[in-house]
Amino acid sequence: MASPTGTSDAPFGRMLTAMVTPFTSDGAVDYAGVQRIAAYLVDEQRHDGLVISGTTGESPTTTDEEKDRILRAVVEAVGDRAFIVAGAGSNDTRHSVELARAAERAGAHGLLVVTPYYNKPPQEGLFQHFTAIADAAGLPVMLYDIPGRTGVPIETTTLVRLAQHPRIVAVKDAKGDLFAGSQVMMATDLVFYSGDDLLNLPWLSVGAAGFVSVAGHVIGAQLASMIESHRSGDVAGALETHRRVLPVVAGIMTRTQGAIMAKAALTLVGQGGGHVRRPLVDATEDQIALLRTDLVAGGVKLADT
């Protein structure tokens with residue numbers, strides 16, 4: 001199967017979503033649903049990339065075998081027309097190395113590697129962790145900097161050191177420090193992707209290549225248009241799109257956990273997001289009612305309208 005070709009300024013494409021993993025009511029992975037959602041995102045929501053088994057894909061509660069099957073299902077469904085980036089991060093370097101090698105065997109085009117969580121390593125530990133994973137497989141790596149979940153930021157000096165590795169090429173930023181990100185972009189060739197839908201347009205304004213979104217499950221086409229407008233110099237058009245989709249971003253990203261609401265949103269647009277696994281819980285009726293209002297306010301067409 002042919003794989004997409006990246007560019008130096010967008011090695012994983014520009015419009016990516018951290019894809020949910022649909023589960024059945026008894027907690028099993030719905031592999032047919034995985035392929036259906038992947039095809040919907042690429043063919044209808046204008047994604048040129050997907051992140052599989054990230055946090056939104058509920059990677060903490062899927063087994064390595066499930067991760068492998070999920071990845072292979074997505075590669076089979078859309079791997080010839082979208083960048084497939086496999087989550088390979090954990091707080092155990094040896095385990096992450098195994099995940100990286102397994103993702104390469106399964107046909108992934110790149111790796112997303114999150115900062116180790118809970119054990120709070122020092123910066124030298126982060127450097128050695130990321131370097132070991134990048135050394136372990138022949139795939140380009142996107143670092144995931146999200147200190148709100150991991151407890152530790154990837155500091156600017158560490159990012160500059162990591163940028164010297166030929167396979168560490170990008171950063172998914174959910175740290176929200178646009179000044180620090182700008183410094184890294186000036187000092188290195190690392191490509192930044194917004195990892196926080198609340199800051200998508202601000203990140204574009206300081207040089208980000210695109211997004212790794214969650215709200216993109218239902219507004220991917222609009223976010224792709226925002227990127228195109230900004231890149232073509234139509235800043236006013238990008239701002240108009242940013243403002244138009246704000247209710248959707250708020251509904252998915254600020255009511256409760258993102259994977260919960262992304263799955264509810266997919267169901268509301270007729271795509272069947274499936275259930276979540278504990279410790280997550282499905283959206284309540286009240287949350288779904290609020291989300292319905294948010295989606296309509298943001299111009300999203302619902303399945304029953």
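**Charge–ring, aromatic and buried lysine contacts**

The charged end of R69 is placed over the ring of Y31, at 3.9 Å from its centre, where a charge sits over a ring if NZ of Lys or CZ of Arg is within 6 Å of the ring centre and within 35 degrees of the ring normal. R161 likewise lies over the face of F127, 3.7 Å from the ring centre. The model is predicted, so that local features need pLDDT of at least 70 and side-chain atom pairs count only at pLDDT 80 or more, whereas totals for chains, interfaces and linings use all residues. Residues are numbered from 1 along each chain as its sequence is written, and side-chain values use heavy atoms, with hydrogens and water left out.

Across the whole structure, 2 aromatic pairs are found (rings of Phe, Tyr and Trp, the last by its six-membered ring, with centres within 6.5 Å; planes under 30 degrees apart count as stacked, over 60 as edge-to-face and the rest as tilted). The pair F192 and W203 is stacked because the ring centres are 5.7 Å apart and the planes stand at 25°. Both F192 and W203 are buried (under 20% relative accessible area, with exposed over 50% and partly exposed in between, for a 1.4 Å probe and protein chains only).

K263 also counts as buried, because its relative accessibility is 2%. The side chain of K263 makes a polar contact with the side chain of E58 at 2.6 Å (a pair of N or O atoms within 3.5 Å; within protein, one must be able to donate a hydrogen and the other to accept it, and residues adjacent in sequence count only if both atoms are side-chain atoms). The C-alpha atoms of K263 and T56, which are 207 residues apart along the chain, are separated by 9.7 Å.
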